[in-house]
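My entries follow in the order in which I looked things up.

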Amino acid sequence: MTDAPLPTTFSGPSESPGFLLWRISNLWQREQRNALQPLGLTHTQFVALAVASWFGQEEPITQARLSQLTRSDPMTISQVVRTLEKMECFERAPHPEDTRAKVITVSDAGRELAAQAIRIVEATDRAFFEPLGEETASLVQLFQKLLR
């Protein structure tokens, strides 16, 4: 019998990239959640609002498309869209080509909230990643590589 508590190839959790990513992700999410709370937004709501703002200029955004673009669960996006519609940030209208779908547009109030939120989110990111200094650009490249 071995002295190791688990049959792992790592000397401990601090050597596991997955465990470290999980811990960092939790820290980052907490920072973003706290920063967005005064605006009454969750981070998922912010992401949906920002993505609809960015991509809505280029193409009609449906709930299904928003789910694809954010890589979020369709049920989660459904709830977020309903909430943002109640907050008067989103408006839904019939799709010009697909009678089963609705086009989501960002209202003036939604654009204003998105503009406030993006400044907060980016400031929170700068503070969170500040210890990395110039290595932040390398981290972004590594993240992009993992997402490909």
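**Conventions.** I am working with a predicted model, in which local features need pLDDT of at least 70 and side-chain atom pairs count only at pLDDT 80 or more, while totals for chains, interfaces and linings use all residues. Residues are numbered from 1 along each chain as its sequence is written, and side-chain values use heavy atoms, with hydrogens and water left out.

**Core.** I looked up the largest nonpolar core, which has 22 residues; such a core is a set of buried Ala, Val, Leu, Ile, Met, Phe, Trp, Tyr and Cys residues joined through side-chain atoms within 4.5 Å. Buried here means under 20% relative accessible area, exposed means over 50%, and partly exposed lies in between, with a 1.4 Å probe and protein chains only. The residues with the most contacts inside this core are Leu41, Phe46, Leu49, Leu66, Leu84 and Phe90. I noted that α2, α4 (74–86), β2 (102–106) and α5 (108–129) each supply at least two residues of the core, and that the largest share, six residues, comes from α2.

Leaving aside neighbours within four places in sequence, Leu41 is in contact with Leu36, Phe46, Leu49, Leu84, Met87, Leu113 and Ala117, where contact means heavy atoms within 4.5 Å. Leu66 has its place in helix α3 and is buried, with a relative accessible area of 0%. With neighbours within four places again left aside, Leu66 is in contact with Ala48, Val51, Ala52, Ile61, Ile77, Val81, Phe90 and Ile104. I also checked Leu66 against Ser78, and the two are twelve residues apart in sequence and 9.5 Å apart in space, C-alpha to C-alpha.

**Helix α2 and its partners.** At what angle do the axes of α2 and α3 cross? The axes of α2 (residues 43–55) and α3 (residues 63–70) come within 10 Å and cross at roughly 105°, which makes α2 roughly perpendicular to α3. The axes are lines fitted to C-alpha atoms, for helices over the stretch in contact, with angles running from 0 to 180 degrees between N-to-C directions. Angles under 35 degrees count as roughly parallel, over 145 as roughly antiparallel, 65 to 115 as roughly perpendicular and the rest as oblique. On the α2 side I found Val47, Ala48, Val51, Ala52 and Phe55, and on the α3 side Leu66, Leu69 and Thr70.

For α2 and α4, the axes come within 10 Å and cross at roughly 80°, and the two helices are therefore roughly perpendicular to each other. Thr44, Gln45, Ala48 and Leu49 of α2 make this contact with Thr76, Val80, Thr83 and Leu84 of α4.

**Helices α1 and α5.** The axes of α1 (residues 17–36) and α5 come within 10 Å and cross at roughly 140°, which makes α1 oblique to α5. In α1, Ile24, Leu27, Trp28, Glu31, Gln32, Ala35 and Leu36 meet Ala117, Ile120, Val121, Thr124, Asp125, Phe128 and Phe129 of α5.

Arg71, in the loop between α3 and α4, has a phi near 55° and is exposed, with a relative accessible area of 64%. Glu88, in the loop between α4 and β1 (90–94), has a positive phi of about 65° and counts as exposed at 58% relative accessibility.

Last, I looked up Gly18, which is found in helix α1 and is partly exposed, with a relative accessible area of 45%.

Technical notes
Helices (H or I, at least four residues) and strands (E, at least two) are DSSP runs, numbered from the N terminus.
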